[in-house]
Amino acid sequence: DQAVCIGGPLPAQSYLRIPALIEAARASGADAVHPGYGFLAENAEFAEACRAAGLVFVGPSPEAIRAMGDKAGAKRLMMDAGVPCIPGYQGSDQGGERLADEAARIGYPVMIKATAGGGGRGMRLVRSAAEFPDLLRSARSEAKNAFGDDTVILERAIVEPRHVEIQVFADRHGQAVHLGERDCSVQRRHQKVIEEAPSPAVTPELRARMGATAVQAVRAIGYEGAGTLEVLLDREGH
């Protein structure tokens with residue numbers, strides 16, 4: 001029931017101003033901050049500022065946010081932790097020729113994905129080598145405009161996949177549990193439209209295996225709080 005003015009109506013004047021948010025917490029006597037959804041919810045600098053101010057940030061640590069905020073780095077981390085990942089390329093050489101060679105090695109169709117991306121932006125499905133240069137330029141341009149970063153990764157495209165998410169909870173003592181799955185396969189432009197739980201495609205055995213993998217992943221990250229692991233299932237259920 002308490003409101004604190006944090007600035008003007010534009011996000012850049014208010015919700016994106018970290019010092020103003022920390023000052024609002026101090027002025028109101030709050031001892032914890034929930035970042036909401038969007039704005040600074042996945043911003044490591046904000047989580048770090050909360051920690052420095054002695055506030056509990058209701059969410060993962062700054063280190064975990066940084067580890068998972070970059071698709072290339074996150075994928076390398078997951079592979080090192082033994083989590084099954086889609087074959088692809090997440091190297092630092094971003095030259096057009098190198099990326100085209102890697103796409104040919106992976107085999108078409110391939111997905112181009114912005115490493116800093118989300119919401120389907122900076123993402124393109126490439127069905128042939130002839131399409132690759134134009135779609136790479138398009139993905140990079142969109143990623144640069146949306147995220148200020150045009151770095152991409154490549155992945156083998158899974159044809160007609162099911163998109164299944166595993167809900168996890170972890171504490172700061174290394175304990176983690178999963179709470180089952182939801183099927184998010186009904187999408188439009190890579191955006192989820194309907195989420196269904198439990199998934200009609202997941203058996204009890206597969207649920208146990210996916211859940212164990214999700215717990216293994218969050219422990220590798222040192223994750224804290226509520227989170228989601230996104231899984232793709234192909235036609236054979238792999």
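1. Basis. The model is predicted, so local features need pLDDT of at least 70 and side-chain atom pairs count only at pLDDT 80 or more, while totals for chains, interfaces and linings use all residues. Residues are numbered from 1 along each chain as its sequence is written, and side-chain values use heavy atoms, with hydrogens and water left out.

2. Helix α2. In α2 (residues 44–52), the residues Ala44, Phe46, Ala47 and Cys50 are buried (under 20% relative accessible area with a 1.4 Å probe, protein chains only). Helices here are DSSP runs of H or I with at least four residues, and strands are runs of E with at least two, numbered from the N terminus. Viewed down the axis of α2, the buried residues fall within an arc of 165°, so they line one face of the helix; the arc is that of the directions from the helix axis to the C-beta atoms. Their cover includes α1 (18–28), β1 (32–33), β2 (56–57) and α3 (62–69).

3. Ends of α2. Asparagine 43 caps the N-terminal end, with a side-chain oxygen 2.9 Å from the backbone nitrogen of glutamate 45. Glycine 54, which follows α2, has a positive phi near 80°.

4. Helix α3. Pro62, Ala64 and Ile65 are buried in α3. These residues cover an arc of only 160° around the axis, which puts them on the same side of α3. The buried residues of α3 pack against α2, β2 and α7 (204–221), where contact means heavy atoms within 4.5 Å.

5. The second largest pocket. Of the 22 residues that line this pocket, Tyr15, Leu21, Val33, His34 and Phe46 lie nearest its centre. Phe46 is also among the buried residues of α2. The largest share of the lining, five residues, comes from α1. By class, the lining has 17 nonpolar, five polar and no charged residues; Ala, Val, Leu, Ile, Met, Phe, Trp, Tyr, Cys and Pro count as nonpolar, Asp, Glu, Lys and Arg as charged, and the others, Gly among them, as polar. A pocket is an open set of points on a 1 Å grid over the protein atoms alone where a 1.4 Å probe fits, with protein on both sides within 12 Å along at least five of seven lines, and lining residues have an atom within 4 Å of a point.

6. Lysine 75. This residue is found in helix α4 (residues 71–80) and counts as buried at 7% relative accessibility. A polar contact of 3.2 Å joins the side chains of lysine 75 and glutamate 155.

Methods: Buried < 20%, exposed > 50% of the residue type's maximum accessible area, 1.4 Å probe, protein only. Polar contact = N/O pair within 3.5 Å; in protein donor to acceptor, adjacent residues only side chain to side chain.
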